Amino acid sequence: MKIALSTLAGAVLALGLIAGPAMAEDQGIVVYNAQHESLAKEWAKGFTKETGIKVTLRNGGDSDFSNQIVAEGAASPADVFLTENSPAMALVEAAGLFAPVDADTLAQVPQEYQPSSGKWVGVAARSTVFAYNKDKLKEDQLPKSLLDLADPSWKGRWAASPSGADFQAIVSALLELKGEAATADWLKAMKENFTAYKGNSTVMKAVNAGEIDGGVIYHYYYIGDQAKTGENSKNVGLHYFKNQDPGAFVSISGGGVLASSKHPKEAQAFLKWVTGKGGQDVLKNGTSYEYAVGKDAQSNPKLVPLVDLQAPKVDPAKLNSKKVIDLMTQAGLL
């Protein structure tokens, strides 16, 4: 499978003295990056500054890269794969293409933010939210559960971006938590009730403009806009479903080392750095507004604490992106 790839300017970082003498030019690691480009660039920059190991970022999307890695198999030039959502990691894991993550790295991340298999590890997280127009909906009118959006009373009143990996990850959690029949029924009702937009930021803008009452997105679109001008979110409120509801799903951004990596030691070191203090501090102090997931790591103070989200327990290794695509296609959403 061929997809267009772009190499982020400045992501090819010079070797430092810490790396030791005569480290060959080709010993840098290649990261297939489906995370935010700016966040991955900061991670690469910090890692290289501390270790001297060169990092080359190739930027793309979750599903594009996961399918490409499966197609490339043992011939993949990638050493590390980073994603925004975990279903893409589960796809690569199911193909047997990840090396086990070093125990020291796994020990840096609580078990709820890593798959039970230990084949990859959480590097960041994002919360599902219902963004709503404060002039159209009051708190007592908000859905108590994500499942409530299947009710006919919500027809024409809510939005999502079904083609994106973000929303598909939310559906993956629904599938794992409620099963195939319930998920298929909900998707069928969604088709009847919702309005499709392209991208979570577009959903939020539509909510802000009053085009739609509310929409299912991730939290950081709102937090990021508020931290800038707030022009796309000034009329928006965030509703957190909590109560272990599928709508309280916290999606884990993953990192894994390819079994075919030509530089496994350096690749494992990169993953350890990202999940350690250096990488998690980038989340705390940066502008991605994603959650830090390392043990004792602090997230940006603008965020609702992870512990307060009351997220459902989902093993990210079990999120089935292929089944979700099938179900969404059958429902006419893709």
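Start at Thr-105, whose contacts, leaving out residues up to four places away in sequence, are Val-121, Gln-268, Leu-271, Lys-272 and Thr-275. Thr-105 itself sits in helix α4, which spans residues 103–106. Its relative accessibility is 1%, so it counts as buried, the cut-off being under 20%. Keep in mind as you look around that this is a predicted model.

Helix α9 covers residues 264–275, and strand β5 covers residues 121–133. The largest nonpolar core has 99 residues, and the members that touch the most others in it are Phe-81, Phe-130 and Trp-158. Strand β5 is the top contributor to this core, giving eight residues.

Next, the aromatic rings. Searching the whole structure turns up 10 aromatic pairs. One of them joins Tyr-32 and Phe-65, which are stacked, with 4.6 Å from centre to centre and 20° between the planes. This pair links distant parts of the chain, since Tyr-32 belongs to strand β2 (residues 29–33) and Phe-65 to helix α2, 33 residues apart. Are the two partners buried or exposed? Tyr-32 is buried, at 1% relative accessibility, and Phe-65 is buried too, with a relative accessible area of 0%. A second pair, Phe-47 with Trp-273, is edge-to-face: the centres are 6.5 Å apart and the planes make 65°. Phe-47 is in helix α1 (residues 37–51) and Trp-273 in helix α9, so this pair ties together parts 226 residues apart in sequence. Both Phe-47 and Trp-273 are buried. Ring pairs also make a cluster out of Tyr-32, Phe-65 and Phe-81, and Phe-81 is one of the residues already named for touching the most other members of the core.

Gly-60 lies between β3 (55–59) and α2, and, leaving aside neighbours within four places in sequence, it is in contact with Asn-33, Ala-34 and Phe-65. At 31% relative accessibility, Gly-60 counts as partly exposed, because that value falls between the 20% and 50% cut-offs.

Helices α2 (62–72), α5 (165–178), α7 (200–209) and α8 (219–227) each put at least two residues into the lining. Which of the elements gives the most? That is α8, with five residues. By residue class, the lining of this pocket has eight nonpolar, 16 polar and eight charged residues.

Strand β10 (residues 250–257) gives the most here, with three residues. This lining divides into 12 nonpolar, four polar and three charged residues.

Finally, a couple of backbone details. Most residues other than glycine have a negative phi. Asn-243 has a positive one, near 55°, and is found in the loop between β9 and β10. With 57% relative accessibility, Asn-243 counts as exposed. Gln-310 has a positive phi as well, near 50°. Its place is the loop between α10 (277–285) and α11 (321–330), and Gln-310 is partly exposed, with a relative accessible area of 32%.

Notes:
Residues are numbered from 1 along each chain as its sequence is written. This is a predicted model: local features need pLDDT of at least 70, side-chain atom pairs count only at pLDDT 80 or more; totals for chains, interfaces and linings use all residues. Side-chain values use heavy atoms; hydrogens and water are left out. Helices (H or I, at least four residues) and strands (E, at least two) are DSSP runs, numbered from the N terminus. Buried means under 20% relative accessible area, exposed over 50%, partly exposed in between (1.4 Å probe, protein chains only). Contact means heavy atoms within 4.5 Å. Ala, Val, Leu, Ile, Met, Phe, Trp, Tyr, Cys and Pro count as nonpolar, Asp, Glu, Lys and Arg as charged, and the others, Gly among them, as polar. A nonpolar core is a set of buried Ala, Val, Leu, Ile, Met, Phe, Trp, Tyr and Cys residues joined through side-chain atoms within 4.5 Å. Rings of Phe, Tyr and Trp (its six-membered ring) pair if their centres lie within 6.5 Å; planes under 30 degrees apart count as stacked, over 60 as edge-to-face and the rest as tilted.
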